[in-house]
Amino acid sequence: MSRFSSQFLLPFLLISFFFLTIISATDGDVDDDQTIKTMHQFSGYPSSEPHHHPLSSLSVDTQSLQFQVDELATFSDSPSPSVTRVLYTDKDVAARRYIKNLMGLAGLSVREDTIGNIFGRWNGYEPELAAVGTGSHIDAIPYSGKYDGVVGVLGAIEAINVLKKAGFKPKRSLEVIMFTSEEPTRFGISCLGSRLIAGSETLEKALKNTFDSQNVSFLDAAKSAGYARDKDDLSSVRMNYGTYSGFVELHIEQGPILEAEGIPIGVVTAIAAPASIKVDFEGDGGHAGAALMPNRNDAGLAAAELALAVEKHVLESGTIDTVGTVGILDLHPRAVNSIPSKAHVEIDTRDINETRRNIVVEKIHQSAIDIANKRRVKLSGFEIVNQDPPALADKKIIEAMEASSRELNLDYKLMVSRAYHDSLFMARVSPMGMIFIPCYKGYSHKPEEYSAPEDLTNGVKVLALTLAKLSLS
Ligand SMILES: [Zn+2]
(Lines give C-alpha, C1' and ligand atoms only; values in the text may rest on other atoms or scores of the structure.)
Protein backbone atom coordinates (compact mmCIF):
# COMPACT_ATOMS: atom_id res chain seq x y z
CA MET A 1 0.00 0.00 0.00
CA SER A 2 1.25 3.44 -0.84
CA ARG A 3 2.20 5.94 1.80
CA PHE A 4 -0.55 8.24 0.57
CA SER A 5 -3.37 5.77 1.06
CA SER A 6 -2.12 4.74 4.50
CA GLN A 7 -2.01 8.38 5.56
CA PHE A 8 -5.52 8.80 4.31
CA LEU A 9 -6.90 5.60 5.79
CA LEU A 10 -5.54 5.90 9.26
CA PRO A 11 -7.42 9.06 10.32
CA PHE A 12 -10.53 7.64 8.72
CA LEU A 13 -10.24 4.43 10.74
CA LEU A 14 -9.47 6.34 13.90
CA ILE A 15 -12.65 8.32 13.48
CA SER A 16 -14.69 5.19 12.75
CA PHE A 17 -13.17 3.56 15.79
CA PHE A 18 -14.09 6.57 17.89
CA PHE A 19 -17.72 6.29 16.81
CA LEU A 20 -17.78 2.54 17.30
CA THR A 21 -16.53 3.06 20.84
CA ILE A 22 -19.20 5.67 21.50
CA ILE A 23 -21.89 3.38 20.15
CA SER A 24 -20.76 0.50 22.31
CA ALA A 25 -20.34 2.73 25.36
CA THR A 26 -23.89 4.09 25.08
CA ASP A 27 -25.31 0.67 24.51
CA GLY A 28 -26.26 0.00 28.13
CA ASP A 29 -25.74 -3.47 29.57
CA VAL A 30 -24.77 -5.28 26.35
CA ASP A 31 -21.51 -3.36 26.56
CA ASP A 32 -19.25 -6.34 27.06
CA ASP A 33 -19.79 -8.17 23.82
CA GLN A 34 -19.75 -4.96 21.85
CA THR A 35 -16.50 -3.92 23.47
CA ILE A 36 -14.93 -7.27 22.73
CA LYS A 37 -15.98 -7.11 19.12
CA THR A 38 -14.61 -3.63 18.89
CA MET A 39 -11.35 -4.76 20.41
CA HIS A 40 -10.91 -7.35 17.71
CA GLN A 41 -11.39 -4.70 15.09
CA PHE A 42 -9.24 -2.41 17.16
CA SER A 43 -6.17 -4.59 17.24
CA GLY A 44 -6.61 -5.80 13.69
CA TYR A 45 -6.33 -9.39 14.86
CA PRO A 46 -6.68 -11.90 13.25
CA SER A 47 -6.86 -9.96 10.00
CA SER A 48 -3.31 -8.92 9.20
CA GLU A 49 -4.07 -6.26 6.63
CA PRO A 50 -1.40 -3.62 7.04
CA HIS A 51 -2.07 -0.06 8.23
CA HIS A 52 -5.68 -0.67 9.10
CA HIS A 53 -6.08 0.05 12.76
CA PRO A 54 -5.41 2.61 15.45
CA LEU A 55 -2.75 0.53 17.20
CA SER A 56 -0.51 1.54 14.29
CA SER A 57 -0.29 4.93 15.97
CA LEU A 58 1.06 3.58 19.25
CA SER A 59 2.81 6.29 21.19
CA VAL A 60 5.91 5.35 23.14
CA ASP A 61 7.23 7.72 25.79
CA THR A 62 10.78 7.51 24.47
CA GLN A 63 12.09 10.15 26.83
CA SER A 64 11.01 8.46 30.00
CA LEU A 65 12.08 5.05 28.67
CA GLN A 66 15.56 6.43 27.99
CA PHE A 67 15.54 8.08 31.42
CA GLN A 68 14.72 4.73 33.03
CA VAL A 69 17.51 2.96 31.11
CA ASP A 70 19.96 5.61 32.33
CA GLU A 71 18.64 5.60 35.86
CA LEU A 72 18.71 1.81 36.19
CA ALA A 73 22.37 1.94 35.05
CA THR A 74 23.23 3.91 38.19
CA PHE A 75 22.50 0.81 40.29
CA SER A 76 26.00 -0.43 39.60
CA ASP A 77 29.09 -1.58 41.45
CA SER A 78 31.42 -0.11 38.85
CA PRO A 79 31.75 3.51 37.70
CA SER A 80 29.64 4.89 34.84
CA PRO A 81 29.46 4.31 31.90
CA SER A 82 30.10 0.68 32.84
CA VAL A 83 27.45 -1.34 34.67
CA THR A 84 28.10 -4.14 37.16
CA ARG A 85 25.02 -5.63 38.75
CA VAL A 86 25.47 -9.08 40.19
CA LEU A 87 22.78 -11.37 41.54
CA TYR A 88 21.49 -10.64 45.07
CA THR A 89 23.95 -7.82 45.76
CA ASP A 90 22.68 -4.57 47.31
CA LYS A 91 22.67 -2.95 43.88
CA ASP A 92 20.69 -5.84 42.41
CA VAL A 93 18.16 -5.61 45.24
CA ALA A 94 17.80 -1.84 44.72
CA ALA A 95 17.35 -2.33 40.96
CA ARG A 96 14.69 -4.96 41.64
CA ARG A 97 12.85 -2.47 43.82
CA TYR A 98 13.04 0.03 40.96
CA ILE A 99 11.47 -2.49 38.54
CA LYS A 100 8.70 -3.46 40.96
CA ASN A 101 7.91 0.20 41.46
CA LEU A 102 7.61 0.76 37.69
CA MET A 103 5.40 -2.31 37.39
CA GLY A 104 3.17 -0.87 40.12
CA LEU A 105 3.01 2.51 38.39
CA ALA A 106 1.94 0.72 35.20
CA GLY A 107 -0.95 -0.75 37.18
CA LEU A 108 0.42 -4.31 37.15
CA SER A 109 -0.08 -6.64 40.08
CA VAL A 110 3.36 -7.70 41.22
CA ARG A 111 4.49 -11.00 42.69
CA GLU A 112 7.84 -12.72 43.15
CA ASP A 113 8.75 -16.38 43.34
CA THR A 114 11.14 -17.83 45.88
CA ILE A 115 14.31 -17.11 43.87
CA GLY A 116 13.22 -13.61 42.85
CA ASN A 117 11.78 -13.96 39.38
CA ILE A 118 9.45 -10.93 39.34
CA PHE A 119 6.05 -10.99 37.62
CA GLY A 120 3.80 -8.02 36.85
CA ARG A 121 0.37 -8.97 35.57
CA TRP A 122 -2.27 -7.02 33.69
CA ASN A 123 -5.42 -9.08 33.97
CA GLY A 124 -7.29 -9.75 30.78
CA TYR A 125 -11.06 -9.87 30.45
CA GLU A 126 -10.76 -13.65 30.21
CA PRO A 127 -8.29 -14.10 33.07
CA GLU A 128 -8.75 -17.87 33.18
CA LEU A 129 -6.99 -18.22 29.81
CA ALA A 130 -3.23 -18.80 29.75
CA ALA A 131 -1.45 -15.45 29.88
CA VAL A 132 0.99 -14.00 27.36
CA GLY A 133 4.43 -13.45 28.89
CA THR A 134 7.17 -11.00 28.00
CA GLY A 135 10.39 -10.03 29.71
CA SER A 136 14.12 -10.39 30.13
CA HIS A 137 16.80 -9.78 32.77
CA ILE A 138 18.47 -6.81 34.44
CA ASP A 139 21.59 -8.39 35.91
CA ALA A 140 24.81 -7.23 34.26
CA ILE A 141 28.21 -8.90 34.11
CA PRO A 142 31.12 -6.87 35.52
CA TYR A 143 31.95 -3.76 33.47
CA SER A 144 29.20 -4.27 30.93
CA GLY A 145 26.62 -1.92 29.43
CA LYS A 146 23.14 -0.70 30.23
CA TYR A 147 21.00 -2.23 27.47
CA ASP A 148 21.49 -6.01 27.54
CA GLY A 149 18.36 -7.50 29.10
CA VAL A 150 17.24 -4.13 30.48
CA VAL A 151 15.56 -3.21 27.17
CA GLY A 152 13.39 -6.33 27.42
CA VAL A 153 12.20 -5.49 30.95
CA LEU A 154 11.79 -1.69 30.83
CA GLY A 155 10.59 -2.02 27.21
CA ALA A 156 7.96 -4.56 28.24
CA ILE A 157 6.62 -2.30 31.00
CA GLU A 158 6.53 0.59 28.51
CA ALA A 159 4.72 -1.66 26.00
CA ILE A 160 2.02 -2.19 28.64
CA ASN A 161 1.81 1.60 29.21
CA VAL A 162 1.51 2.12 25.46
CA LEU A 163 -1.34 -0.38 25.15
CA LYS A 164 -3.15 1.16 28.11
CA LYS A 165 -2.81 4.65 26.65
CA ALA A 166 -4.21 3.36 23.35
CA GLY A 167 -7.26 2.05 25.19
CA PHE A 168 -6.47 -1.58 24.51
CA LYS A 169 -8.13 -4.22 26.68
CA PRO A 170 -6.33 -7.57 26.79
CA LYS A 171 -8.33 -10.77 26.50
CA ARG A 172 -5.56 -13.03 27.79
CA SER A 173 -3.69 -11.47 30.70
CA LEU A 174 -0.34 -9.91 29.84
CA GLU A 175 2.55 -10.60 32.19
CA VAL A 176 5.92 -8.87 32.36
CA ILE A 177 8.68 -11.06 33.78
CA MET A 178 12.05 -10.01 35.15
CA PHE A 179 14.15 -13.16 35.26
CA THR A 180 16.65 -13.81 38.03
CA SER A 181 20.31 -14.08 36.99
CA GLU A 182 20.49 -14.57 33.26
CA GLU A 183 24.23 -14.03 33.57
CA PRO A 184 26.33 -16.76 35.19
CA THR A 185 28.58 -14.26 37.03
CA ARG A 186 27.97 -15.22 40.63
CA PHE A 187 27.10 -18.91 40.72
CA GLY A 188 28.32 -20.08 37.31
CA ILE A 189 24.83 -20.91 36.05
CA SER A 190 23.34 -18.89 33.20
CA CYS A 191 19.60 -18.24 32.86
CA LEU A 192 19.05 -19.43 36.40
CA GLY A 193 15.53 -18.03 36.76
CA SER A 194 14.17 -19.28 33.45
CA ARG A 195 15.96 -22.65 33.82
CA LEU A 196 14.17 -23.18 37.12
CA ILE A 197 10.85 -22.06 35.62
CA ALA A 198 11.39 -24.65 32.88
CA GLY A 199 11.87 -27.14 35.72
CA SER A 200 14.97 -29.08 36.54
CA GLU A 201 15.08 -31.21 39.66
CA THR A 202 18.78 -31.79 39.11
CA LEU A 203 19.44 -28.05 39.12
CA GLU A 204 17.20 -27.51 42.17
CA LYS A 205 19.28 -30.09 44.07
CA ALA A 206 22.60 -28.80 42.76
CA LEU A 207 21.77 -25.25 43.80
CA LYS A 208 21.62 -26.31 47.43
CA ASN A 209 25.32 -27.09 47.19
CA THR A 210 26.35 -24.15 45.06
CA PHE A 211 28.69 -21.46 46.41
CA ASP A 212 30.08 -18.26 44.97
CA SER A 213 33.79 -17.39 44.93
CA GLN A 214 33.46 -15.95 48.46
CA ASN A 215 32.01 -19.24 49.71
CA VAL A 216 28.52 -17.81 50.16
CA SER A 217 25.90 -20.44 49.40
CA PHE A 218 23.21 -19.76 46.83
CA LEU A 219 20.46 -20.09 49.44
CA ASP A 220 22.19 -17.74 51.90
CA ALA A 221 22.67 -15.18 49.15
CA ALA A 222 19.01 -15.51 48.15
CA LYS A 223 17.94 -15.12 51.80
CA SER A 224 20.08 -12.01 52.23
CA ALA A 225 18.21 -10.49 49.28
CA GLY A 226 14.87 -11.34 50.87
CA TYR A 227 14.14 -14.55 48.95
CA ALA A 228 14.06 -18.30 49.73
CA ARG A 229 12.63 -17.29 53.09
CA ASP A 230 10.21 -19.91 54.22
CA LYS A 231 11.81 -23.08 52.99
CA ASP A 232 14.60 -24.29 50.80
CA ASP A 233 12.22 -25.88 48.33
CA LEU A 234 12.87 -24.43 44.90
CA SER A 235 10.33 -26.60 43.06
CA SER A 236 7.65 -23.91 43.47
CA VAL A 237 9.46 -21.92 40.76
CA ARG A 238 8.63 -24.56 38.14
CA MET A 239 5.88 -23.96 35.63
CA ASN A 240 3.97 -26.39 33.47
CA TYR A 241 3.79 -26.19 29.70
CA GLY A 242 0.72 -24.11 28.96
CA THR A 243 1.14 -21.62 31.82
CA TYR A 244 1.70 -19.08 29.06
CA SER A 245 0.06 -19.21 25.64
CA GLY A 246 3.11 -17.38 24.30
CA PHE A 247 6.28 -15.68 25.44
CA VAL A 248 8.06 -12.83 23.62
CA GLU A 249 11.40 -11.27 24.59
CA LEU A 250 12.63 -7.92 23.32
CA HIS A 251 16.45 -7.73 23.27
CA ILE A 252 19.33 -5.86 21.67
CA GLU A 253 20.82 -7.94 18.87
CA GLN A 254 24.30 -8.12 20.46
CA GLY A 255 25.56 -8.58 16.92
CA PRO A 256 26.22 -6.16 14.04
CA ILE A 257 23.78 -7.34 11.36
CA LEU A 258 20.75 -5.08 11.86
CA GLU A 259 22.82 -1.92 12.24
CA ALA A 260 25.01 -2.75 9.23
CA GLU A 261 21.99 -3.46 7.03
CA GLY A 262 19.98 -0.51 8.36
CA ILE A 263 17.06 -2.72 9.41
CA PRO A 264 15.18 -1.65 12.57
CA ILE A 265 13.68 -5.00 13.63
CA GLY A 266 14.97 -8.56 13.82
CA VAL A 267 12.38 -11.32 14.06
CA VAL A 268 14.11 -14.28 15.66
CA THR A 269 13.30 -17.68 14.17
CA ALA A 270 15.61 -19.83 16.29
CA ILE A 271 18.01 -19.62 19.20
CA ALA A 272 21.27 -21.51 18.90
CA ALA A 273 22.44 -23.38 21.96
CA PRO A 274 25.93 -24.32 23.01
CA ALA A 275 27.49 -27.55 24.08
CA SER A 276 30.63 -26.99 26.10
CA ILE A 277 33.31 -29.61 26.44
CA LYS A 278 36.42 -29.89 28.61
CA VAL A 279 39.26 -32.11 27.37
CA ASP A 280 42.53 -33.08 29.11
CA PHE A 281 45.58 -34.77 27.59
CA GLU A 282 48.59 -36.06 29.50
CA GLY A 283 52.02 -36.97 28.17
CA ASP A 284 55.47 -37.53 29.64
CA GLY A 285 56.77 -34.00 29.12
CA GLY A 286 60.56 -33.61 29.20
CA HIS A 287 63.42 -31.33 28.29
CA ALA A 288 62.85 -29.31 25.12
CA GLY A 289 66.42 -29.99 23.99
CA ALA A 290 67.23 -33.43 25.29
CA ALA A 291 64.07 -35.37 24.32
CA LEU A 292 64.29 -36.22 20.63
CA MET A 293 61.24 -35.87 18.43
CA PRO A 294 60.52 -39.59 17.80
CA ASN A 295 60.42 -40.22 21.55
CA ARG A 296 58.00 -37.52 22.49
CA ASN A 297 54.32 -37.68 23.42
CA ASP A 298 53.55 -33.98 23.52
CA ALA A 299 50.21 -33.20 25.21
CA GLY A 300 50.31 -29.67 23.76
CA LEU A 301 50.45 -30.95 20.18
CA ALA A 302 47.52 -33.27 20.89
CA ALA A 303 45.54 -30.24 22.07
CA ALA A 304 46.59 -28.23 19.00
CA GLU A 305 45.55 -31.06 16.71
CA LEU A 306 42.20 -31.31 18.49
CA ALA A 307 41.62 -27.56 18.02
CA LEU A 308 42.08 -27.99 14.26
CA ALA A 309 39.81 -31.06 14.32
CA VAL A 310 37.06 -28.94 15.96
CA GLU A 311 37.27 -26.47 13.09
CA LYS A 312 37.19 -29.28 10.52
CA HIS A 313 34.13 -31.01 12.03
CA VAL A 314 32.23 -27.75 12.29
CA LEU A 315 32.97 -26.83 8.67
CA GLU A 316 31.92 -30.33 7.54
CA SER A 317 28.36 -29.68 8.75
CA GLY A 318 27.88 -27.66 5.56
CA THR A 319 25.96 -24.76 7.13
CA ILE A 320 27.07 -21.46 8.64
CA ASP A 321 24.73 -22.13 11.54
CA THR A 322 27.27 -24.54 13.02
CA VAL A 323 30.10 -22.86 14.91
CA GLY A 324 32.88 -24.15 17.12
CA THR A 325 35.49 -22.39 19.24
CA VAL A 326 38.46 -23.47 21.29
CA GLY A 327 38.49 -20.58 23.75
CA ILE A 328 40.82 -22.07 26.33
CA LEU A 329 44.04 -23.98 25.74
CA ASP A 330 46.25 -24.29 28.82
CA LEU A 331 49.61 -26.03 28.77
CA HIS A 332 51.57 -27.38 31.70
CA PRO A 333 54.21 -26.59 32.94
CA ARG A 334 54.06 -23.66 30.54
CA ALA A 335 57.79 -23.13 30.11
CA VAL A 336 59.46 -22.38 26.81
CA ASN A 337 62.06 -25.11 27.28
CA SER A 338 59.71 -27.86 28.50
CA ILE A 339 57.58 -30.24 26.45
CA PRO A 340 53.97 -29.84 27.65
CA SER A 341 53.08 -32.78 29.89
CA LYS A 342 49.46 -31.68 30.30
CA ALA A 343 47.04 -29.81 28.10
CA HIS A 344 43.57 -28.57 28.96
CA VAL A 345 41.20 -27.59 26.17
CA GLU A 346 37.73 -26.03 26.45
CA ILE A 347 35.45 -26.14 23.43
CA ASP A 348 32.17 -24.39 22.71
CA THR A 349 30.10 -25.58 19.77
CA ARG A 350 26.69 -24.23 18.81
CA ASP A 351 23.97 -24.76 16.31
CA ILE A 352 20.26 -24.15 15.88
CA ASN A 353 19.86 -27.84 15.04
CA GLU A 354 20.41 -30.12 18.00
CA THR A 355 21.13 -33.30 16.03
CA ARG A 356 23.71 -31.57 13.87
CA ARG A 357 25.40 -30.03 16.90
CA ASN A 358 25.45 -33.35 18.74
CA ILE A 359 27.05 -35.02 15.71
CA VAL A 360 29.85 -32.42 15.97
CA VAL A 361 30.23 -33.21 19.69
CA GLU A 362 30.46 -36.92 18.86
CA LYS A 363 33.08 -36.30 16.15
CA ILE A 364 35.12 -34.17 18.56
CA HIS A 365 35.03 -37.01 21.05
CA GLN A 366 36.18 -39.53 18.43
CA SER A 367 38.99 -37.18 17.34
CA ALA A 368 40.16 -36.79 20.94
CA ILE A 369 40.40 -40.58 21.24
CA ASP A 370 42.18 -40.98 17.87
CA ILE A 371 44.63 -38.15 18.52
CA ALA A 372 45.49 -39.55 21.96
CA ASN A 373 46.18 -42.99 20.41
CA LYS A 374 48.22 -41.62 17.53
CA ARG A 375 50.32 -39.37 19.77
CA ARG A 376 50.60 -41.88 22.60
CA VAL A 377 49.21 -39.44 25.14
CA LYS A 378 46.51 -40.22 27.66
CA LEU A 379 43.04 -38.76 27.18
CA SER A 380 42.63 -38.12 30.89
CA GLY A 381 39.38 -36.20 30.63
CA PHE A 382 36.50 -35.66 28.24
CA GLU A 383 33.61 -33.93 29.93
CA ILE A 384 30.50 -32.52 28.26
CA VAL A 385 29.78 -29.71 30.72
CA ASN A 386 26.43 -28.76 29.27
CA GLN A 387 24.47 -29.52 26.17
CA ASP A 388 21.30 -27.41 26.13
CA PRO A 389 18.93 -28.04 23.25
CA PRO A 390 18.46 -25.13 20.82
CA ALA A 391 14.95 -23.76 20.37
CA LEU A 392 12.82 -22.77 17.42
CA ALA A 393 10.55 -19.77 17.67
CA ASP A 394 6.84 -20.55 17.37
CA LYS A 395 5.33 -20.08 13.92
CA LYS A 396 2.28 -18.17 15.18
CA ILE A 397 4.43 -15.80 17.22
CA ILE A 398 6.80 -15.22 14.28
CA GLU A 399 3.75 -14.34 12.18
CA ALA A 400 2.47 -11.95 14.86
CA MET A 401 5.88 -10.21 15.04
CA GLU A 402 6.09 -9.97 11.25
CA ALA A 403 2.53 -8.63 10.93
CA SER A 404 3.20 -6.09 13.69
CA SER A 405 6.36 -4.85 11.96
CA ARG A 406 4.52 -4.53 8.65
CA GLU A 407 1.61 -2.67 10.23
CA LEU A 408 4.05 -0.25 11.84
CA ASN A 409 5.81 0.25 8.51
CA LEU A 410 9.03 -1.12 9.97
CA ASP A 411 11.38 -3.13 7.83
CA TYR A 412 12.36 -6.43 9.49
CA LYS A 413 14.69 -9.33 8.98
CA LEU A 414 14.22 -12.97 9.96
CA MET A 415 17.30 -14.01 11.87
CA VAL A 416 18.87 -16.55 14.21
CA SER A 417 19.92 -15.61 17.72
CA ARG A 418 23.49 -16.85 18.05
CA ALA A 419 23.65 -15.85 21.69
CA TYR A 420 21.15 -17.52 23.97
CA HIS A 421 18.65 -15.88 26.26
CA ASP A 422 15.98 -16.66 28.84
CA SER A 423 13.74 -17.36 25.84
CA LEU A 424 15.74 -20.53 25.17
CA PHE A 425 14.42 -21.94 28.43
CA MET A 426 10.97 -20.32 28.22
CA ALA A 427 10.60 -22.29 24.97
CA ARG A 428 10.33 -25.41 27.16
CA VAL A 429 7.16 -24.11 28.84
CA SER A 430 5.64 -21.91 26.15
CA PRO A 431 5.59 -21.12 22.45
CA MET A 432 8.35 -18.51 22.16
CA GLY A 433 9.47 -15.58 20.03
CA MET A 434 12.11 -12.84 20.21
CA ILE A 435 12.35 -9.32 18.80
CA PHE A 436 15.80 -7.84 18.17
CA ILE A 437 16.71 -4.18 17.80
CA PRO A 438 20.01 -2.88 16.39
CA CYS A 439 22.88 -1.97 18.70
CA TYR A 440 25.96 0.10 17.96
CA LYS A 441 28.55 -2.04 16.10
CA GLY A 442 27.01 -5.10 17.72
CA TYR A 443 28.81 -4.24 20.96
CA SER A 444 27.54 -5.95 24.07
CA HIS A 445 28.84 -6.91 27.50
CA LYS A 446 30.93 -3.77 27.53
CA PRO A 447 30.33 -0.10 28.44
CA GLU A 448 30.11 0.96 24.77
CA GLU A 449 26.88 -1.04 24.41
CA TYR A 450 24.30 1.34 22.88
CA SER A 451 20.93 1.35 21.15
CA ALA A 452 19.48 4.59 19.77
CA PRO A 453 16.27 5.89 21.38
CA GLU A 454 14.54 5.49 18.03
CA ASP A 455 15.45 1.80 17.95
CA LEU A 456 14.18 1.31 21.50
CA THR A 457 10.93 2.95 20.47
CA ASN A 458 10.52 0.74 17.42
CA GLY A 459 11.20 -2.36 19.50
CA VAL A 460 8.62 -1.36 22.11
CA LYS A 461 6.02 -0.69 19.40
CA VAL A 462 6.52 -4.07 17.74
CA LEU A 463 6.44 -5.74 21.16
CA ALA A 464 3.25 -3.91 22.17
CA LEU A 465 1.44 -4.80 18.97
CA THR A 466 2.64 -8.41 19.10
CA LEU A 467 1.42 -8.72 22.70
CA ALA A 468 -1.94 -7.23 21.69
CA LYS A 469 -2.34 -9.79 18.90
CA LEU A 470 -1.30 -12.72 21.09
CA SER A 471 -3.55 -11.52 23.88
CA LEU A 472 -6.58 -11.66 21.57
CA SER A 473 -5.65 -14.96 19.90
ZN1 LIG B 1 20.68 -10.53 27.76
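The model is predicted: local features need pLDDT of at least 70, side-chain atom pairs count only at pLDDT 80 or more, and totals for chains, interfaces and linings use all residues. Residues are numbered from 1 along each chain as its sequence is written.

**Whole chain.** Show the cartoon. The protein has 14 helices and 17 strands. Both are DSSP runs numbered from the N terminus: helices are H or I, at least four residues; strands are E, at least two. Of its 473 residues, 46% count as buried (20 or more other C-beta atoms within 10 Å of a residue's own, C-beta atoms being placed from the backbone).

**First stop: H10 and H11.** Select residues 299–316 (H10) and 354–374 (H11). Their axes lie 9 Å apart, at an angle of about 150°. Axes are lines fitted to C-alpha atoms over the stretch in contact, and angles run from 0 to 180 degrees between N-to-C directions. H10 is therefore roughly antiparallel to H11 (angles over 145 degrees). Now show side chains. On H10, pick Ala302, Glu305, Leu306, Ala309, Val310, His313 and Val314. They meet H11 residues including Val360, Ile364, Ala368 and Ala372. Contact means C-beta atoms, placed from the backbone, within 7 Å.

**Second stop: H12 and H14.** Select residues 395–407 (H12) and 453–472 (H14). The axes come within 9 Å and cross at roughly 130°. H12 residues in the contact include Ile397, Ala400, Met401 and Glu407. Among those on H14 are Val462, Leu465, Lys469 and Leu470.

Terms used. Contact = placed C-beta atoms within 7 Å. Buried ≥ 20, exposed ≤ 12 C-beta atoms within 10 Å, placed from the backbone. Parallel < 35°, antiparallel > 145°, perpendicular 65-115°, else oblique.
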